[in-house]
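Hello,

Here is the structure I promised to pass on.

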Amino acid sequence: MIWNKEAECMSQDEKTALQSKRLVELVKYVYENVEFYRKRMDEYGIKPSDIKGIEDIDKLPYTTKDDLRDTYPFGLFAAPHSDIVRIHASSGTTGKATVVGYTQYDIDVWAECVARCMSMAGVTKDDIVQVAYGYGLFTGGLGAHYGAEKIGAMVVPMSTGNSKKLTTMMVDFGATAIACTPSYLLHLSEVLRDEGMLDKIKLKAAICGAEPWTEKMRSEIEQRLNISAHDIYGLSEIMGPGVACDCQYHEGLHICDDHFYPEIIDAKTLKPVKDGELGELVFTTLTKQGIPLIRYRTKDLTSITREKCKCGRTSARISRFKGRSDDMLIIRGVNVFPSQVEAALVEVKEVTPHYMMIVDRDNNLDTLEIQVEVDKDYYTDEIRGIESLQRKIAQVIQGALGISARIKLVGPNTLKRSEGKAVHVIDNRKLY
Amino acid sequence: MTVKQVSVFIENRQGRLGEVLQVLKDNNVNILSISLADTTEYGLLRLIVNSPEKARDVLLASGFSSMLTEVLIIKVPHVSGALQNILDLLAKANISIEYMYGLSVETKDASIVVKTNELKRACEILDKGHIETMSPQEIAIL
C-alpha cells in the first residue's frame, strides 16, 4: 500500500520542480537563521540568490558531524528555542553527543515519513505494532512510534530490554508487526522457538533498522518467522528512522526525497558520482525547520537509482549499504566511534591508550570486548586490584559509549602496533 | 623483618608465564618460591627471588608490569600445629592475611610467605612471640 501517492509517485518533472523550490527556500532560510551557514556561504562566496534550483546544489559546501560537534549543542538550530518541541541525540565522535531539535512541523513530517515506510511493509490501521527500539534520546523508539500512530495502528511501546515480556505480549495481543533492530529480531525468533511459541504468533511484517544487515539475514528472519522483513533507514542528524525504506519488491530503499534530497559522492574527491555507482550518501533536508542541514555527509556507502519501481513509486532508491567511509561502528543499534574509547581511556591513568575493540555476534546479539593494555608502571599484587581496575574501565566505557563492554586487561606492549594507520577494531560480524 | 616479593601481572595466554621465566633466567635470577593467583583471564605471579630489585628492573625493561611488595617470610618448625600457632597469634592481634604460599629452602624448618595488612605491627608481634622471619640477606645468598 502506498501511504501518500501524490508525494511518492509524482513525476520526475514535478519532483524536480518541488525539490528546486524547497532548496531555494531552504538556503534562504538557513542563511538568515544560522550563523554557521551564513559564515560558511560567505566564505565560499555564495549568496542565497545564486541557488536557483536543485541543479545548483553542488555549489553549496558540505556539512559534517564535526560541524555539529563544533557547534554543540544548539549552534546549527535554525528555529528559535520556543519553536523547538523535541530534542534527540546520538553519539558524537568524541565525548560530546550530536544534538538535534525538532519543531512541531518537523515531528509531523517525521511521522509522515515513517508512515510511508511502514506502509511499504504493509502496515495499516488494522495492525498491532510492537515498537522495540529504545525510547529516549535515541530516535528509534519515538520515531517508529509516531509513524505507526499516524497510520492509526495500535502501538505497543515495548522499548528494549525485556525479551520475555515482549514475546508474551506478542502472542497475547496478537501483534502483527514489529519495529526493532534486525539482530534483535533474530534473537527474538530464537526466544520464540525455545519457548515453543513460534506457531502462536500472528506477526506478518517487521520494520528493521538502526544497524546494517544483509540479504542473508533478511531471508533468515523471513523464513524463521514467516513474515516480510523491511529495511528502514535513517539517522538522527537528518531526522531519524523513516528517511528511506524498501517496499515489497526489496529492490532498494525508497527515499522520502521530497523531504530529503540525496546525492552520492566520491568520499575522497567529494565529487558527485553517476547513478548506480558506489559512493557516500549525502542528504539535504529540504523541509526541516529545527536543524536543517545542507549536504550532510552520512558516511554511509551506497549507490542510487532514480528509475521507477515496480511498486509504482518514483522516489529515488538506494541499494543496501556497502560499508562506511569512516570508522563508525553500530553496536546493538548504538553508533560507536573508536575515538570515543580512546578519549575515555585517557582518563584512566592505570592503562595506556592502546586498545583493541573486538565486535562479534553471540546468539544474534552484538558483543563488544575491549582489550586494554595496563601501564607498565601500574601495579597491584592482588586479584581484587585487577578486578576493580576492570570495573573502573567498564564504567568509564559505559559512560562514554552508552553500551556495556567486556573489558580485558592485557600486559604492556602486547597489543599489536600497526605501521601507519592504527587498527583498533576487529569486527567479526560480516554486516556488509 | 620483611623481604621484597616480585609481583608480575600476566594475562592468561599460552606461553606468557614462560616468557617471564625466560627473562629471569637470562638475567641469572634464582627463583626460591613461586605462586600464581589466577582468574579465568589474568594471572598474578608472585615470586621470591634472590635479587628482587634486579628481577623487577629486568621484567619492567622487558615490558612486563611488575612491582615489589613487602612480605614476611616466616619460619615454621616441622611440627604439627606450628602454622596454626603463628596464624593464631596474628589473628588475635587483628592482623589479616591477604595471601600466603609456601617456601622450601632445605633446612630443618619450612617457611611460608605471608602478606598481611599492618606489616610493621605483624613483625613486632612475631618478634615478641619469638617467631623467626627471614631477612633479605638470608634470601640473597640462596
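Which domains does the domain assignment of chain B give? Domain 1 covers 2–69 and domain 2 covers 71–140, with bounds that come from an automatic or database domain assignment.

Before going further, a word on conventions. This is a predicted model, where local features need pLDDT of at least 70, side-chain atom pairs count only at pLDDT 80 or more, and totals for chains, interfaces and linings use all residues. Residues are numbered from 1 along each chain as its sequence is written, while chains are lettered from A and ligands numbered from 1 in the order in which they are written.

Back to chain B: the centres of domain 1 and domain 2, taken over C-alpha atoms, are 22 Å apart. Their contact (C-beta atoms, placed from the backbone, within 7 Å) takes 12 residues from domain 1 of chain B and 16 residues from domain 2 of chain B. On the domain 1 side, strand 1 (2–11) and strand 2 (31–38) of chain B each supply at least two residues. Strands here are DSSP runs of E, at least two residues long, and helices are runs of H or I, at least four, numbered from the N terminus.

Now chain A. It has 11 helices and 21 strands. Its C-alpha atoms fill a box of roughly 75 × 60 × 45 Å along the principal axes. Of the contacts in chain A with a separation of 6 or more, 67% are between residues 24 or more positions apart.

Key. Two residues are in contact if their C-beta atoms, placed from the backbone, lie within 7 Å.
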